[in-house]
Amino acid sequence: MRSYALMANVVIKDRHRRNPRSAGALQNAVLNSAGISSIATDEGGVIQILSAGAERMLGYTEAEVAGKRTPADFSDPLQAVERARALSLEFATAVDPGFQALVFKASQGIDDQYELTWIRKDGSRLPAVVSVTALRDPKGEVIGYLMIATDNTAQETFRLMVESVTDYGIVQLDAQGRVLSWNAGAQIIDGYGAQEIVGQHFSRFYSAQDIELGVPQRDLDAAAATGRYETEGWRSRKDGSMYRANIVLTSIHDQAGVLRGFARLSRDMARDTRISEPQQSAIESPEPACEPASQPRPASGVPRRSLLCVEDQPATLVMVERLVARRADVLLLHASSVALGIELARSAQPDVILLNIDLPGTSALQFMKLLRADPATENTPLLALGADASVKAVTQALDAGFFHYLTKPLKPEAFVEAVDYALEFSALERAEQHDRAFTSAHSH
């Protein structure tokens with residue numbers, strides 16, 4: 001597959017030369033990655049480059065559109081008219097409802113991101129989030145535009161996946177603690193249907209005594225203050241019965257740092273066959289976590305590899321768990337903070353590490369620096385997971401030394417491809433280390 005081959009070229013080059021990737025190699029990696037949909041145009045909007053990801057998204061090949069068509073030809077014309085109208089009012093100038101409407105803000109030096117529906121070659125419609133940046137020459141003149149598109153159907157797919165999870169209660173709360181979303185696992189664990197509980201305060205899950213003591217608000221305050229709060233305790237079901245629960249509350253903030261709400265991940269301890277009595281959660285331990293009971297065992301003779309996921313968002317972790325659970329040869333380890341991730345990386349020495357680069361605390365670059373300074377982890381492939389899908393973010397991550405860049409919401413196909421290749425790379429590295437050690441031991 002083209003994206004696989006080019007990604008391999010970039011990584012192998014780095015393996016043998018041990019120096020930063022060239023700008024050309026980075027450009028090829030971005031433009032030929034099936035997971036990144038980018039369209040480059042000239043100043044008039046005529047398409048010059050259609051990346052592999054954009055080809056897959058729109059259904060056209062680069063040869064069919066380069067030098068012939070503009071991105072406006074693939075956009076919903078009614079949306080373009082509405083966007084042109086809104087821009088005309090905002091900037092008090094006439095904006096044409098064609099390509100100009102798609103890039104007007106970028107042409108004014110304003111990086112722009114908006115929702116747009118593409119009309120694919122087969123006539124089907126594809127909702128997307130589009131980021132537009134003007135490309136300029138050394139004099140500052142616009143010479144073209146770069147459009148990065150993200151398939152927005154992934155958001156809906158992700159929502160449906162979360163709703164279908166039955167082992168965990170995954171609930172979104174607003175900043176005051178009122179329930180905004182409800183999945184199948186929460187209904188099984190707590191007994192409420194979505195129509196009964198959405199809009200109600202989450203204190204309904206606590207005992208009367210805990211409510212009187214102010215425990216619900218205390219838990220929210222702890223999550224808001226630290227970003228993540230984990231606890232075990234007794235919780236109340238709809239029918240009044242009590243159950244022992246493991247609860248993780250994660251605060252959600254906007255880009256300005258304003259608290260917008262919380263994600264609540266709950267687990268009925270009695271339903272978890274891995275735990276016979278309340279104890280510290282395995283994800284908080286710097287030692288390797290035990291194998292999940294639902295994960296298939298590897299066939300005899302097949303070596304077990306390990307993937308360390310450094311992530312504090314329950315929904316993303318659930319997605320990773322479900323994808324890794326399909327693999328008999330991969331053991332998933334988890335750390336909820338950068339500090340714990342470093343400890344677990346050093347003690348468990350995983351084959352691959354997936355890092356949420358937006359985690360609070362130690363920066364992603366500092367995390368990488370600490371790993372590279374340790375001989376045990378200096379060559380461990382590190383996958384970046386971030387919310388920014390722009391070419392700038394991707395290029396910066398690859399240039400910094402990350403093995404691959406994945407965006408949220410996590411797309412299963414891109415995740416599986418990246419992990420597979422990272423595992424292959426790790427196996428080659430470890431084989432070379434073994435050969436060097438063997439040669440050194442027998443050279444005297």
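Which exposed residues does the face of α5 turned away from its buried side carry? In this predicted model, local features need pLDDT of at least 70 and side-chain atom pairs pLDDT 80 or more, whereas totals for chains, interfaces and linings use all residues. Residues are numbered from 1 along each chain as its sequence is written, and side-chain values use heavy atoms, without hydrogens and water.

Helix α5 (residues 77–91) has 15 residues and reaches 21 Å from first to last C-alpha, close to the 21 Å expected at 1.5 Å a residue (1.5 Å times one less than the number of residues; helices are DSSP runs of H or I of at least four residues, strands runs of E of at least two, numbered from the N terminus). Ala80, Arg83, Ala84 and Leu87 of α5 are buried (under 20% relative accessible area with a 1.4 Å probe, protein chains only; exposed is over 50%). These buried residues fall within an arc of 105° seen down the axis of α5, and so line one face of the helix (the arc is taken over directions from the helix axis to the C-beta atoms). The face turned away from the buried side carries the exposed residues Leu78 and Leu89. The cover over the buried residues of α5 includes α6 (99–107) and β3 (112–119), where contact means heavy atoms within 4.5 Å.

At the N-terminal end, α5 is capped by aspartate 76, with a side-chain oxygen 2.9 Å from the backbone nitrogen of leucine 78 (a polar contact is a pair of N or O atoms within 3.5 Å, one able to donate a hydrogen and the other to accept it within protein; residues adjacent in sequence count only if both atoms are side-chain atoms). Just after α5, alanine 92 takes a positive phi of about 55°.
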